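Here are some notes to accompany your first look at this structure. Please read them with the sequence and the model side by side.

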Amino acid sequence: PNPRCTRAQVKEELLTPAELQAKQPVYESTFADYAEMIIQFGFVTMFVSAFPLAPFLALLNNLIEIRSDGFKLCAAHQRPVAKGAEDIGTWYNILEIMSTAAVITNAGIVAFTSDVFEEKSFRFRIWLFIFAEVRYSLPPCHPRSLIDRSYTQHIIVGLKFVVALIVPDIPEAVKIEYERQLYLKEKIMNGEESDLDEGGPPKV
């Protein structure tokens, strides 16, 4: 130890990494971190038509947030106790509700506050909001100068559910690795030798 150090500093230098970490505050739960991301997701998706730059700013914020959260978990708190979880739980349902509500709120913003329909009557805007019946003119050179009854709200909601069905909840690589781990666990529990190649799937 440095002879100029105080008694507290010398004691700090003699502590092991585990003892130093034990003096850090406890990381209680992921609730606050999830809540922060959910609130950000809600603002970005539900009001994006009012502020189109929001997704880009959210991306920049999240790039910084990844590093700051990593520092918080690795250096500013005790090491969190690992807990198993099948998925993100109720947060998924909240995201589903928000993403559906975002279509409605953006339709309302476009219908009632957009300059595109400022010359239309309030009654027209009400029907526009309910049915998302978009009437807009294309350039005169276009063969179809008027597109009528484009039910964009229903189309967007439908596309959202189609994408949710197409994109798997668990990536294929993760599913294979999970099945491999279950296979190895079963072999170990039964006291059998594994017939797996290194890093490969089970032999058939």
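1. A residue is called buried when its relative accessible area is under 20%, exposed when that value is over 50%, and partly exposed in between. By this definition, buried residues make up 19% of the 204 residues in the protein chain, which is a predicted model.

2. As for the overall layout, the protein chain contains 8 helices and 2 strands, and, read along the sequence, these elements follow the pattern α-α-α-α-α-α-β-β-α-α. Of the contacts in the protein chain with a separation of 6 or more, 43% are accounted for by residues 24 or more positions apart.

3. Helix H5, which covers residues 90-113, has 24 residues and reaches 33 Å from its first C-alpha to its last, a span close to the 34 Å expected at 1.5 Å a residue. In general, an α-helix has 3.6 residues a turn, so residues three or four places apart point the same way.

4. A nonpolar patch on the surface is formed by Phe-51, Leu-53, Phe-56, Leu-57, Leu-59, Leu-60, Leu-63 and Ile-66, which together have about 760 Å² of accessible area.

Methods:
Residues numbered from 1 in each chain as written. Predicted model: local features only at pLDDT ≥ 70, side-chain atom pairs only at ≥ 80, totals over all residues. Heavy atoms only, no water. Helix = DSSP H or I, 4+ residues; strand = E, 2+ residues; numbered from the N terminus. Expected span 1.5 Å × (residues − 1). Buried < 20%, exposed > 50% of the residue type's maximum accessible area, 1.4 Å probe, protein only. Contact = heavy atoms within 4.5 Å. Patch = residues over 30% accessible without salt bridge, like charges linked within 9 Å, V, L, I, M, F, W, Y side chains within 5 Å. Areas by Shrake-Rupley, 256 points an atom, 1.4 Å probe, with all protein chains shown as cover. Salt bridge = Lys/Arg side-chain N within 4 Å of Asp/Glu carboxyl O.
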